[in-house]
Amino acid sequence: MALRLVTKTLSSRISPKLCSASLLHSHATSFGFKEVREEEKSQMVGKVFSNVASNYDLMNDFMSGGLHRLWKDRLVSKLSPFPGMKHLDVAGGTGDVAFRILESVNSIKRRALQDPLNDDLQEETRIYVCDINPNMLDVGKNRALEKGLGEDKSLVWVQGDAEALSFEDNSMDGYTIAFGIRNVTHIEKVLSEAYRVLKRGGRFLCLELSHVDIPVFKELYDFYSFSVIPRLGEIVAGDRESYQYLVESIRRFPPQVIIQSSIPSYHF
């Protein structure tokens, strides 16, 4: 599977005119290989994720050969979580990334317990899991209960739109979005909101599936994506169409070279 991990430290304001002119905006009205009106896309994507919520992480195993777990581990490693941090995980309804961040924070706290004067341990950690889809959030909350984290105040579950976040300016130390940014209607609005809520020097990390450039592997990847994954979706989740959309959305997402050239243009 092709994957791109983007991480930036945010230090200056995004130029408003670059937001509207971003190359990423050309994909704002795509729903897989279909072109739809902007007001329709969020509803259509919402239906997809309502359908796949209960089997989402299982299907991620099939779609990535289990590699998504390693990629998420790397994402959290790049984030460098710390006790007392305020972190926002967007499109993270099932909690897969949030649980890893909390585990990392708790590991640091356990190692530092011998130093009761450590200021970092005095401030309460808050990890906000934000997802527009209530069914995905329900899956995450149930997983938290299964892990014994149902009463953990460090985890805060919030239904919200990545394009119009309810959080205050300069309120977050970190922002992650894993396998979610390709499903939004306006990517440039998501990036602008991420910048708005991050503190100066805050960390933005985006994990996303992308394109394969090596010809032989591209053919294998295309065959697996379009012939195998939708069929697995039909067998495992009883939903071929939703997984057909998911693989199509990966192909419609801008290739790595555009992502790399576009993100610096925001003057992070």
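1. Helix α4 spans residues 67-79, 13 residues in total, and its first and last C-alpha atoms are 19 Å apart. That is close to the 18 Å expected at 1.5 Å a residue. The model is a predicted one, and the points below should be read with that in mind.

2. Which residues of α4 are buried? They are His68, Trp71, Lys72, Leu75, Val76 and Leu79. Their arc around the axis is only 140°, so they lie on the same side of α4. Leu70 and Ser77, on the other side of the helix, are exposed.

3. Five aromatic pairs are present in the structure. One of them joins Phe99 and Trp157, with ring centres 6.2 Å apart. The planes of Phe99 and Trp157 meet at 65°, so this pair is edge-to-face; the cut-off for that label is an angle over 60 degrees.

4. Where in the chain do Phe99 and Trp157 lie? Phe99 belongs to helix α5 (residues 96-112) and Trp157 to strand β6 (residues 155-159). The two residues are 58 residues apart, and their pair links distant parts of the chain.

5. Is Phe99 buried or exposed? Phe99 has a relative accessible area of 8%, and the limit for buried is under 20%, so Phe99 counts as buried.

6. A further contact involves a charge and a ring. The charged end of Arg251 is placed over the ring of Tyr221, at 4.3 Å from the ring centre.

How values were computed
Residues numbered from 1 in each chain as written. Predicted model: local features only at pLDDT ≥ 70, side-chain atom pairs only at ≥ 80, totals over all residues. Heavy atoms only, no water. Phe/Tyr/Trp six-rings, centres within 6.5 Å; stacked < 30°, edge-to-face > 60°. Helix = DSSP H or I, 4+ residues; strand = E, 2+ residues; numbered from the N terminus. Buried < 20%, exposed > 50% of the residue type's maximum accessible area, 1.4 Å probe, protein only. Lys NZ or Arg CZ within 6 Å of the ring centre and 35° of its normal. Expected span 1.5 Å × (residues − 1). Arc of directions from axis to C-beta.
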